[in-house]
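This briefing goes through one protein structure by topic. Keep the sequence and the 3D view open while reading.

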Amino acid sequence: MKTRKLPRGDRNIVGARVTEARLALGMKQNELLARLQTAGIDMSTPALSLLEGQKRPVSDIELKALAEILNVPVDWLLGTGKRESPHK
């Protein structure tokens, strides 16, 4: 796995949680992108990297699809749910 070279940004608060949930499921970014595409969300690899790095805002439609695909509540992705990952 590549390590992040740049510090996280401040354009969203869900990016770190998306990464956490994706990794807990053993899912790679390209698999998440394929599932997003199937759900009707067209996102590029750089866009997902920027989202996970908190350097790109997330839309409401993307947030809903991410929660469904990652099997986590939207409020958990937003940081308002319990801190521990639902996958633990």
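The model discussed here is a predicted one.

- Glu 62 sits in helix α4, which covers residues 60–70.
- Leaving aside residues up to four places away in sequence, Glu 62 touches Ile 41, Met 43, Leu 51, Arg 56 and Pro 57.
- With one of these, Arg 56, Glu 62 makes a polar contact from side chain to side chain, at 2.7 Å.
- The pair of Arg 56 and Glu 62 is also a salt bridge, with 2.7 Å from N to O.
- Arg 56 is buried, and so is Glu 62.

**The chain as a whole**

- The protein chain contains five helices and zero strands.
- Read from the N terminus, the order of elements is α-α-α-α-α.
- Of the 88 residues in the protein chain, 38% are buried.
- Contacts between residues at least 6 apart in sequence can be sorted by separation: 61% of them join residues at least 24 apart.

**Other salt bridges**

How many salt bridges does a search of the whole structure find? The search finds four. Besides the pair of Arg 56 and Glu 62, they include the following two.

- Glu 52 and Arg 22 form a salt bridge through their side chains, with 2.7 Å from N to O.
- Glu 52 belongs to helix α3 (residues 45–52) and Arg 22 to helix α1 (residues 15–24), so this pair ties together parts that are 30 residues apart in sequence.
- Glu 52 and Arg 22 are both buried.
- Glu 31 and Arg 35 form a salt bridge in which the closest N and O atoms are 2.9 Å apart.
- Glu 31 and Arg 35 are separated by about one helical turn, because they are four residues apart in helix α2 (residues 29–38).
- Glu 31 has a relative accessible area of 31%, so it is partly exposed.
- Arg 35 has a relative accessible area of 38%, so it is partly exposed as well.

**Nonpolar surface patch**

- A nonpolar patch on the surface is formed by Ile 13, Val 74 and Leu 78, which together have about 230 Å² of accessible area.
- Leu 78 is found in the segment after α5, the helix of residues 74–77.
- Is Leu 78 buried or partly exposed? Its relative accessible area is 32%, so Leu 78 is partly exposed.

- Pro 7 is in the segment before α1.
- The relative accessibility of Pro 7 is 59%, which means that Pro 7 counts as exposed.
- Pro 7 and Gly 53 are 46 residues apart along the chain, and 7.8 Å separates their C-alpha atoms.

How values were computed
Residues are numbered from 1 along each chain as its sequence is written. This is a predicted model: local features need pLDDT of at least 70, side-chain atom pairs count only at pLDDT 80 or more; totals for chains, interfaces and linings use all residues. Side-chain values use heavy atoms; hydrogens and water are left out. Patches are made of residues with over 30% relative accessible area and no salt bridge: like charges are joined within 9 Å, nonpolar side chains (Val, Leu, Ile, Met, Phe, Trp, Tyr) within 5 Å. Accessible areas come from the Shrake-Rupley method with a 1.4 Å probe; for residues, only the protein chains shown count as cover. Helices (H or I, at least four residues) and strands (E, at least two) are DSSP runs, numbered from the N terminus. Buried means under 20% relative accessible area, exposed over 50%, partly exposed in between (1.4 Å probe, protein chains only). Contact means heavy atoms within 4.5 Å. A polar contact is a pair of N or O atoms within 3.5 Å; within protein, one must be able to donate a hydrogen and the other to accept it, and residues adjacent in sequence count only if both atoms are side-chain atoms.
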